[in-house]
Amino acid sequence: MEVTRQNFKDSLKTVCSAIEEADFLAIDGEFSGISDGPNVSALTNGLDTPEERYAKLKKHSMDFLLFQFGLCTFKYDQEKSKYIIKPFNFYVFPKPFNRTSPDLKFICQSSSIDFLASQGFDFNKVFCNGIPYLNQEEEVQLREQSEERRNQQANGVGTASFISPSSKGPAHVPEEHKDFINRVIGKVEALLTNSEKTLDLEPCTGFQRKLIYQTLNWKFSKGLHVETVETEKKERYIQVIKVDDEERKRREQQKREREQEELNDAVGFSRVIHAISKSGKLVVGHNMLLDVMHTIHQFYCPLPEDLQDFKEVTMCVFPRLLDTKLMASTQPFKELITNTSLAELEKQVKESPFKSPQVETAEGFHSYDTAQEQLHEAGYDAYITGLCFVSMANYLGSFLTPPKAYISAHSKVVEPFFNKLFLMRIIDIPYLNITGPDLQPKRDHVLFVTFPKEWKTSDLYQLFSAFGNIQVSWLDDTSAFVSLSQTDQVQIAMNTSRYAESYRIQTYAEYVKGKQQKEKLGQTPKSWGEDGWMKPHYTSAGTAATFAYHKGLRKRSISPVEGEQGTGDSPITDGWSQYSFPDATGNKKMKIDDQSGHAEAIESKTSEGWLKTADAPDSAGSSPPPEDERSPDGGDADADAEGTVTWQRAPAAQGRKGQKKKKPQKPKGPEPTTSLFEVPEVW
């Protein structure tokens, strides 16, 4: 269903009803641009921390406009064994509803506008018929202003839209406006003596309208109602109406009601986001960090400076989120899905071992056909995002004993993917954890190098040519991170550069320590490179693998990978290895390489408790039944019917050529168990 300003009020009840009855919701957004300064590769440095990535997106992406919002609701029909969908495509534009409402400034990126235009995007629907909106702060401010005006008018202060006997003398009229005011007085006097009831004065300036109000209020203390009217072409004129006291009060009340209705209309599309938030339903998106940030920024409140504050706000607005790009990049899917861009993912989950979900479009809604791609229409993208989630969730049901063809959005099988948003092109931190601490990889194989402005990437490769494969992550024109393939090479590199004059090398730990000390002393609270990017300042712990990645990737692209070819998305070779951090229970989980070069998932205890096996790490293993996995009819399945989760672990991707294999480490704590999925921290 296409929703614009013309049919929004009539459609709002349908939208809210669809949200309330849905099992889960899928969303997507289209924007007027992505980055207002540096290119995308600078926006997504491979060694960003979550704090830095959030700060970059907040600084360089939030001045763009989310002007199309896609929502598709999914409700499972038990009798038909299929999902009933209701897709909505909203055109959104911040139209000021009066002179005191916010007049938003936003920017456009030519490449984004050109791309959307090539996809048939209708910009006229945005700018001419887009649904207005206010965030919560703006709504409160305008309601307070409206209440203040009413109080002033009731006390005889300010300019009223109706005549009241509050003036104590004639208004001062400048000489150049006296003829104009005298003509108005003559017309009003004629109105009072003839049979006409209404007089429309000619359009005039704001100052002239003020003089008219003041003069008529003094000269005609009773019997008139005076109101400013605005035409569709934004012309403003004064309408004078003959009324008695009862009629005047009635019109006064009507005007107050009309103002409240206009204010409610101005809140506009924010009502849809409020309904989504209030429902508490699972919200599914694809590579959805920007979608979430823009939605909160435009329709709730300005984004906070601090990442932790952003996480708290996000949990208030969207209690449950799921990112299908992260899901597709995680075991057991990453071995089966070769490209995680939305269009390619939708195609791959139709093929074996996945099954296309059975869906039916509700009566009265536009039916999408995936054979005729309508990519980059937000409603269609939300629709296929929901399809991808259903296919992958149902695939997880095949590992249950006995297998289940349908896995609900409430199932514990999909809970491990909740509230983790994919982080694009960060080498060793694959996701932003909304409900807990983020991964903190130990980057002791990374060097911080400063050098002359004339240096290029080839100069850095030549400088480190003796150390095999390296990865360069530029910070600005005179500094970069260089990741070595082996940690024990770091000291060698430091020793060889000790007497260098044209460049300087620091370990990553030294770099971080130096930044922290300067910030504590207040010498450099913020340090910015010449390209406008803030240099990193953060702490970290743990170890990380190194990868090469390509810079020419588009918005919906995958994490840094090796050997990427063809389209913008490729498989993650091994983005989850070598982490160490506490989980919610204080236990540690880590992934280590064995002597054969394969990776084993080792954990002392999962936070859920049910996603683990009691078998030794070298066995296939199985897990006990989920405690409250829901059956298709909404009730709890019997324990014997629920069965166990089993599958054979696939070996992790081999490390890079030349990377040193690490000896197995023996985890502390209880008997090690094999986790169901290879996503750190949660399971």
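Helix H1 (residues 8-21) and helix H10 (residues 270-279) are roughly parallel to each other, because their packing angle is about 15° and angles under 35 degrees count as roughly parallel, over 145 as roughly antiparallel, 65 to 115 as roughly perpendicular and the rest as oblique. The model is predicted: local features need pLDDT of at least 70 and side-chain atom pairs count only at pLDDT 80 or more, whereas totals for chains, interfaces and linings use all residues. Residues are numbered from 1 along each chain as its sequence is written, and side-chain values use heavy atoms, with hydrogens and water left out.

Phe8, Leu12, Val15, Cys16, Ile19 and Glu20 of H1 are in contact (heavy atoms within 4.5 Å) with Arg271, Val272, Ala275, Ile276 and Ser279 of H10. The residues of this contact divide into 8 nonpolar, 1 polar and 2 charged, where Ala, Val, Leu, Ile, Met, Phe, Trp, Tyr, Cys and Pro count as nonpolar, Asp, Glu, Lys and Arg as charged, and the others, Gly among them, as polar.

| Helix pair | Angle | Axis distance |
|---|---|---|
| H1 (residues 8-21) and H10 (residues 270-279) | about 15° | 10 Å |
| H11 (residues 289-299) and H12 (residues 307-317) | about 80° | 11 Å |

The angle of about 80° makes H11 roughly perpendicular to H12. Leu289, Val292, Met293 and Ile296 in H11 meet Phe310, Val313, Thr314 and Val317 in H12, and the residues of that contact comprise 7 nonpolar, 1 polar and no charged.

Turning to the strands, an open sheet is formed by 4 strands in the order E14-E15-E13-E16, with antiparallel pairing; two strands pair if DSSP finds at least two bridges between them. Strand E14 (470-476) and strand E16 (504-507) are the edge strands, each pairing on one side only, and the twist from one strand to the next averages 25°. E14 is joined to strand E15 (residues 479-484) by 6 bridges, and Ser473 has Phe481 in E15 as its bridge partner. Helix H18 (residues 508-521) lies across E13, E14, E15 and E16 and runs at about 90° to E16, while helix H17 (residues 489-496) lies across E13, E15 and E16, at about 150° to E16.

Technical notes:
Axes fitted to C-alpha atoms, helices over the stretch in contact; angles between N-to-C directions. Helix = DSSP H or I, 4+ residues; strand = E, 2+ residues; numbered from the N terminus.
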